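Welcome, and thanks for taking a look at this one with us.

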Amino acid sequence: MMKQSILYTIVAFIGFSVLTQRGFAQKKLSEQLTLTAMEKLFQDTTLLKGAKGPKWTYDMGVVLEGAAAVWRNTGDGRYFKYIQSSMDAYLDKEGNIATYKPEDFNIDNIKNGRSLLLLYKVTGQQKYLLAATKLYDQLQKQPRTREGGFWHKKIYPNQMWLDGLYMGEPFYAEYAKLMKKDAAFDDIAKQFILMEKNSRDAKTGLLYHGYDESKTEQWADKITGRSPNFWARAMGWYIMALVDVLDNFPADHPQRKELLAILNRTATAVVKYQDPKSGVWFDILDMPTRRGNYLESSASSMFVYGLAKGIRKGWLASSFMAAANKGYTGLKKEFVEQAGTERINLTKTVSVSGLGGKPKYRDGSFDYYISEKVITNDPKGVGAFICAAAEMEINQLPKPGKGLTVTIDNFFNNEYMVGPTGDKIPFHYLWEEDDNNGFSLFGKMFNDAGVKTNTLKVAPTTVNLKGSNIYIIVDPDTEKETAKPNYMNAEHAKQIADWVKAGGVLVLLLNDAGNCEISKFNVLPETFGIHFNEDSRNKVQGMNFEQGAIKIPEGNVIFKTAKKVYIKEISTLVAKSPAVSALADKRDVIVATAKYGKGTVFAVGDPWFYNEYIDGRKLPAEFENFKATNDLVNWLIKQVPGKK
């Protein structure tokens, strides 16, 4: 039977490799494992029935983190819908969470708050923010050590575990940023600092799994309070927590430098204990040769994720990439098996490991850790691998825009809305917006191609545009949208035109008549032979998406992969020399481009690269707006002098 199993694995991997080499396996590994998770994990959550239904569980939240990364990487709305349906199974309209008990003060229960915040930011539905606020309220009342560290659970008094940093802090930071709880960042930094101070081993640089301030727990060292061993997944949770918290931690906070230092110390220790042969990590990090120890997939995935993301964000030196690459190669070799067409399984994940508890007391010994079950497709491993694969897939993308900066205008388009805290916040076509109106996915595509994103809130000049290679002006305001709009004028147009002439790439994304100021704005595009007509083409009634369909002919120089896109309510264009039509439909010019000096201009009468029409949640799959946006990003980069 064992021989049969080995033979099947070899055949499956040969088949998997052949499929990949021939190009039949279209989906990347992050997608393939997400699809496995969607089909096999947590199926009962859609059938929640009273107290006997599935529990509110953190391991689902780890899988959903992976699904969110895959959704952003692909623009495939199925992955977002999976996140939404998973959370909706627990929530009512008031944001009450079925089976969640705040009085347990279990920090694991905070984890899924990240999915709730994503759903709120994208959909604007209040139930998600209400539910997230209940989790935030738990943190405000969470019991603490005398030094101020969160207890892992009420049933584990005085104890901090590495796991708890991942379960609580990324949500805490994201909620604090959204709701402007500035004082929370002092507290968030404190949790990491205390955990490292109390559990880090000076000799190895590794962190022990847990720490008991009272030093009374059976597993705790009577002098240091530390648990006995370096469990790999515990350190995996810690490095994931660091890179996810830093996304939302203020750039000017005095303790940000300390968090970056902790991340670098943690990454250095992790790499030191990477298995040189396989490239992955053992369950107990510092005992690779001890009998019973084994290579473990969830921790190995977490380390690859933490290293790769840290490098991408500039928090870790690029020298760590060798370890990330070696780790990812090891993940694929040691733990991935084929599970059908465009599906994979993740093997060799320890199902659970903890400290203390009843009825079986977990003493933190080596023998305890290796006694826990090792299984296939454990959600903690699945979620961590998806996150790692999604990061590595970004890393492996070409970076043609490295060293470039794209700037979005927030002067001519200068709208405000009431935010979740009741104050006015900028909105509409901005990089950080995740809702329908935002450019978060557009910005991500630039970032993934190596381009830095920037925002210009004042009138453009040749001086303040000097550091920008690409400048995007979207949907100039009317008085209907902004009380005192900043209108385009001849001087603004001259400044921008001079910047283009020197080699700038200008992108004009207007709107149709009535939804955008066009007549005054035309002074700028007319400099380049482009005129926006004050009309409205492709009026769409309800969900009749075909009324907004534009087919892209073979050989289009800009949109090289997209064949059919959706653009509604367009201001059509007139293109005269030096401008040319770059995309037309039934004699109407939809997209025009122009060469002007050393620079380039791109113009279209609708800002159709925003989230609503590229994130896959609304449009039928035959519309390839996500692909078209990627095509545009790549084309714009190539227009920058020296980037051809």
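Trp-71, Arg-72, Val-122, Asp-434, Ser-440, Leu-441, Asn-611 and Asp-615 line the second largest cavity. Helices α3 (58–74) and α15 (440–448) are the elements that each give two or more residues to that lining. Please keep in mind that this is a predicted model.

**Enclosed spaces**

- Searching the whole structure turns up 2 cavities of 30 Å³ or more.
- The second largest cavity holds about 40 Å³ of space, and its lining has 3 nonpolar, 2 polar and 3 charged residues.
- The largest cavity holds about 70 Å³.
- Around the largest cavity you will find Ile-107, Phe-150, Trp-151, His-152, Met-160, Trp-161, Gly-164, Leu-165, Glu-169 and Gln-191.
- Strand β1 (159–161) and helix α7 (162–178) are the elements that give two or more residues to the lining of the largest cavity, and α7 has the largest share with 3 residues.
- By class, the lining of the largest cavity divides into 6 nonpolar, 3 polar and 1 charged.

**An open pocket**

- The second largest pocket contains about 1200 Å³ of space.
- Its lining is made of 42 residues, and those nearest the pocket centre are Asn-73, Thr-74, Phe-626, Lys-627 and Asn-630.
- Two or more lining residues of this pocket come from each of α2 (29–40), α3, α4 (77–88), α14 (379–395), α15 and α17 (625–639).
- Helix α17 gives the largest share of the pocket lining, 8 residues.
- The pocket lining counts 15 nonpolar, 11 polar and 16 charged residues.

- Helix α10 runs over residues 256–272, and its 17 residues should span 24 Å at 1.5 Å a residue; the end C-alpha atoms lie 25 Å apart, which agrees.
- Buried in α10 are Arg-256, Leu-259, Ile-262, Leu-263, Thr-266, Ala-267, Ala-269 and Val-270.
- What do the buried residues of α10 pack against? Their partners are α8 (184–199), α9 (232–246) and α11 (297–312).
- On the face turned away from the buried side, α10 carries the exposed residues Lys-257 and Lys-272.

**Glu-296, between α10 and α11**

- Glu-296 is placed in the loop between α10 and α11.
- Is Glu-296 buried or exposed? Its relative accessibility is 0%, so Glu-296 counts as buried.
- Leaving aside residues up to four places away in sequence, Glu-296 touches Arg-233, Trp-281, Asp-283, Phe-335, Lys-348, Thr-349 and Val-350.

**Backbone details to check**

- As background, most residues other than glycine have a negative phi, and most peptide bonds are trans.
- Lys-358 and Pro-359 are joined by a cis peptide bond with omega about -5 degrees; Pro-359 lies in the loop between β5 (349–350) and α13 (366–371).
- Another cis peptide bond, with omega about 10 degrees, joins Ser-577 and Pro-578, and Pro-578 lies in the loop between β16 (573–575) and β17 (579–585).
- Lys-586 is not a glycine, yet has a positive phi of about 50 degrees; this residue belongs to the loop between β17 and β18 (588–596).
- With a relative accessible area of 73%, Lys-586 is exposed.
- Arg-587 is found in the loop between β17 and β18, and its phi is also positive, near 75 degrees.
- Arg-587 is exposed too, at a relative accessible area of 86%.

Notes: Residues are numbered from 1 along each chain as its sequence is written. This is a predicted model: local features need pLDDT of at least 70, side-chain atom pairs count only at pLDDT 80 or more; totals for chains, interfaces and linings use all residues. Side-chain values use heavy atoms; hydrogens and water are left out. Helices (H or I, at least four residues) and strands (E, at least two) are DSSP runs, numbered from the N terminus. The expected span of a helix is 1.5 Å times one less than its number of residues. Buried means under 20% relative accessible area, exposed over 50%, partly exposed in between (1.4 Å probe, protein chains only). Contact means heavy atoms within 4.5 Å. On a 1 Å grid over the protein atoms alone, a cavity is a set of points where a 1.4 Å probe fits but cannot get out, and a pocket is an open set with protein on both sides within 12 Å along at least five of seven lines; lining residues have an atom within 4 Å of a point. Grid points are joined across faces, edges and corners, and a volume is the space filled by probe spheres set on the points. Ala, Val, Leu, Ile, Met, Phe, Trp, Tyr, Cys and Pro count as nonpolar, Asp, Glu, Lys and Arg as charged, and the others, Gly among them, as polar.
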